[in-house]
Amino acid sequence: MAEVKVKPEVPDPLDVENRIIELCHQFPHGITDQVIQNEMPHTDAQQRAVAINRLLSMGQLDLLRSNAGLLYRVKDSQNTSKMKGSDNQEKLVYQIIEDAGNKGIWSRDIRYKSNLPLTEINKILKNLESKKLIKAVKSVAASKKKVYMLYNLQPDRSVTGGAWYSDQDFESEFVEVLNQQCFKFLQSKVELSMEDIETILNTLIYDGKVEMTIIAAKEGTVGSVDGQMKLYRAVNPIIQPTGLVRTPCGLCPVFDDCHEGGEISPSNCIYMTEWLEF
Amino acid sequence: MTQAEIKLCSLLLQEHFGEIVEKIGTYLVRTGGQPLRAIVSDTGTSLDQVKKALCVLIQHNLGTYQIQKRGFVEYSVQCSRVLCILRYPRYIYTAKTLYGDTGELIVEELLLNGKMPMSAVVTKVADRLTETMEDGKTMDYTEVSNTFVRLADTHFVQRCPGVPDASGPSDSAAPPAPTLVIDEKDMYSVPRLNLIGKGKRRRSCDDDDNGEHKAKKQKQDLESQEPPPDDGIYWQVNLDRFHQHFRDQAIVSAVANRMDQTSSEIVRTMLRMSEVTTSSNAAYTQPLSSNEIFRSLPAGYNIGKQVLDQYLTLLADDPLEFIGKSGDSGGGMYVVNLHKALASLATATLESIVQERFGSRCARIFRLLLRKKHLEQKQVEDFAMIPAKEAKDMLYKMLSENFVSLQEIPKTPDHAPSRTFYLYTVNVLASTRMLLHRCYKSVANLIERRQYETRENKRLLEKSQRVEAILASMQATGAEEVQLQEIEEMITAPERQQLESLKHTVNKIDASENQVDETIFLLASYVDSTVVAAVKKP
């Protein structure tokens, strides 16, 4: 019997890489080293390491740590094309910004995390911005501060001030409209308690159009917090506009300069003349 | 006495009593109590005139006198009493709504004459009412007397302090001025008078009744020589009672605006029950039990006892806190929080003024500061939901007009501005006083304008008066239609129009004075009740 020698197949490094990428695509959540080993038993640790390193440096694989060990995940092809031109520093900065999620991160914090000098950071940030990978969002808390986050992320409420701000400008018109709408809604005698628009309701209280009472409510009723519920009710003002403001003197801007015999006096008051002609 | 108050007093005195009284009155308001000699020398008027002016002031309850320890008499005028002259139309109108035309005329006569005995009031009012009635009808004295008694029973009119009976030994030196005393229980007791008669019409010439007229006149002369049965008992209007009534009215209408008609009726009943038991500057009424309230409800309102209880609970729980619950006996004891009610009304007045002067956004900030007491700039912006620039602008504007003030809280002992908290706050009492001052000045301005307008058109007014007099006399002597028309045409059409517009102007200013007076009443009541409450606190 002739021995059939099975030539040990020297795996083509490119093959290995492709195989790994295929595996990654199969398991989009990531694969461990173990999985690769199982799939390609003919590769030894060295070859695997080389392939994985190459993939990583090409930016086609993501290296993640999990409690099971190291995970390799295929990177978004879109992303991979983007990062092609960047170098390691940029990738590092990008990683930091990505980690900050939708709260964004301040440039000083990026510096701390990456230990890169300020000039470098600025250059990198400018680069990334021009490549449309990140964007700068002005924080509503301190208007000079800029936080950076990934381009396609929605900024968090705490940064932009929530529903009341749009493009960093206080949406006063929006507030006014909601103000009116809530008032009309309440006027039709519906009692409601909604946490979401509590601040708007408070402004209606300060306008004197609405009053609030706290009643004891059972746990579990809609809107109850700690066994209490806030109820709102539209009310009328308790007096009509008062007498003083029905005369010109009540609203006169030069009231303090007015006295008999002076330049401005009751006898020649132009506001009074106008008012009397009504 | 602020400058504005003194100016207003002098204007009122001049308009109602003339130059001399105005001079003496203003002098006394400004300098407080003064003896007769000082008044004569400081004002430069003759002794005779000063005496007459003082008589007028005392007769109208504007001035008083006091015997000092040294033995001389000091005269003084109270500014607040003089300012009540502004409110005379309101008193008369209230009397009309409560007691009809009779009541209106009684109060009017008393206000115009200061002090009068009851018989004189009744006679005069009956005469006036008879004139307005149809031919042949006259007003009976008894009807007028009844109304007068009702006014006294509800404390709207009261007896003036009188001279005490001479009971001491005759050899003691007579005091320089009598001390007037009045017994508490006598203040509202009407003397038993047998007033029989009817009102008389003032007839300028009536041939038929001429003979009768003369005969009646003779009889009357005989009668008037006997002193009237109630000589020495003079009556005056009780202004405090009217003020109490206005205050109750304001509270009831506030409840009606905030809740509904029935609750305002309940509050009105409670206030009516406490009318005579609570003093005018108490902070709370006496506690009233729910059963009592139920029994005293007006006849038209037949709401069940349970419904009443529900309403009372609702009123007691309301954030306005006009009604409070003070106990559970008798179905629940309830009080009306007078001081709190006045405070709410004064605050509402302040808010209304801020709203009209600066806009509704400023009003929002103002109310916010009233609620939260002390706030930083940033917090104001957050709570009121107003952009920073606008909020800052509004706060500074209100600060410059003294509606809000700044409270500094330093973080470091050196009070460095960068390390200090600046909190905005509203001081209600100070703002109220400031606005009260403004109100007084406004009323003074309005009166001056009215006088100016009248002066400008004096010539025209005199002409129209002459024409009217001529017309009246010609009508009396039976002139022809053509002649009357000729006289009427003496006033041309544009002049007539000018007169119309003058009338319109004067009416408008008058009405406006009354409206500002309403504001003055609310603010002044609040200041008075706060001051009293502060004094009472140990």
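Close-up 1. Look for Glu90(A), Val93(A), Tyr94(A), Ile96(A) and Ile97(A), the buried residues of H5(A). They sit on the same side of H5(A) because they cover an arc of only 160° around the axis, the arc being that of the directions from the helix axis to the C-beta atoms. Asn88(A) and Asp99(A), on the other side of H5(A), are exposed. Here buried means under 20% relative accessible area, exposed over 50%, and partly exposed in between, with a 1.4 Å probe and protein chains only. Just after the helix comes Gly101(A), with a positive phi of about 65°.

Residues are numbered from 1 along each chain as its sequence is written, and chains are lettered from A and ligands numbered from 1 in the order in which they are written. As this is a predicted model, local features need pLDDT of at least 70 and side-chain atom pairs count only at pLDDT 80 or more, while totals for chains, interfaces and linings use all residues; side-chain values use heavy atoms, leaving out hydrogens and water.

**Close-up 2. Strand S6 of chain A and its two pairings.** Strand S6 of chain A spans residues 146-150 and is mostly covered, with 4 of its 5 residues buried. S6(A) pairs in the antiparallel sense with strand S4 (residues 105-106) of chain A over 2 bridges; strands pair if DSSP finds at least two bridges between them. S6(A) also pairs in the antiparallel sense with strand S5 (residues 134-138) of chain A, over 5 bridges.

**Close-up 3. Lys132(A) in a loop.** Lys132(A) lies in the loop between helix H7 (118-130) and S5 of chain A. Its phi is positive, about 60°, although Lys132(A) is not a glycine. Lys132(A) counts as exposed because its relative accessibility is 52%.

**Close-up 4. An open sheet in chain B.** Now meet 3 strands of chain B that form an open sheet in the order S10-S12-S11, with antiparallel pairing. Strands S10 (374-375) and S11 (405-410) stand at the edges, each with a single partner strand, so one side of each is left without a neighbour in the sheet. S10(B) pairs with strand S12 (residues 420-425) over 2 bridges, and Leu375(B) stands opposite Tyr424(B) in S12(B). The loop between S11 and S12 of chain B holds His415(B), whose phi is near 55°, a positive value in a residue other than glycine. His415(B) counts as partly exposed, because its relative accessibility is 47%.

**Close-up 5. Ser10(B) in helix H1.** Ser10(B) has its place in helix H1 (residues 3-17) of chain B. Ser10(B) counts as buried because its relative accessibility is 13%. Leaving aside neighbours within four places in sequence, Ser10(B) is in contact (heavy atoms within 4.5 Å) with Glu22(B) and Thr26(B).

**Close-up 6. The largest nonpolar core.** A nonpolar core is a set of buried Ala, Val, Leu, Ile, Met, Phe, Trp, Tyr and Cys residues joined through side-chain atoms within 4.5 Å. The largest one has 109 residues, and Leu8(B), Leu110(B) and Phe366(B) are among those with the most contacts inside it. Helix H6 (residues 88-113) of chain B gives the largest share of this core, 10 residues. A second, separate core of 29 residues includes Ile251(B), Val252(B), Leu288(B) and Leu522(B).

**Close-up 7. Helix H7 of chain B and what covers it.** Helix H7 of chain B (residues 118-132) has 15 residues and reaches 22 Å from its first C-alpha to its last, close to the 21 Å expected. Its buried residues include Val121(B), Val122(B), Val125(B) and Leu129(B). Seen down the axis of H7(B), the buried residues fall within an arc of 155°, so they line one face of the helix. Their cover includes H6, strand S4 (116-117), helix H8 (141-153) and strand S6 (234-237) of chain B.

Technical notes. The expected span of a helix is 1.5 Å times one less than its number of residues.
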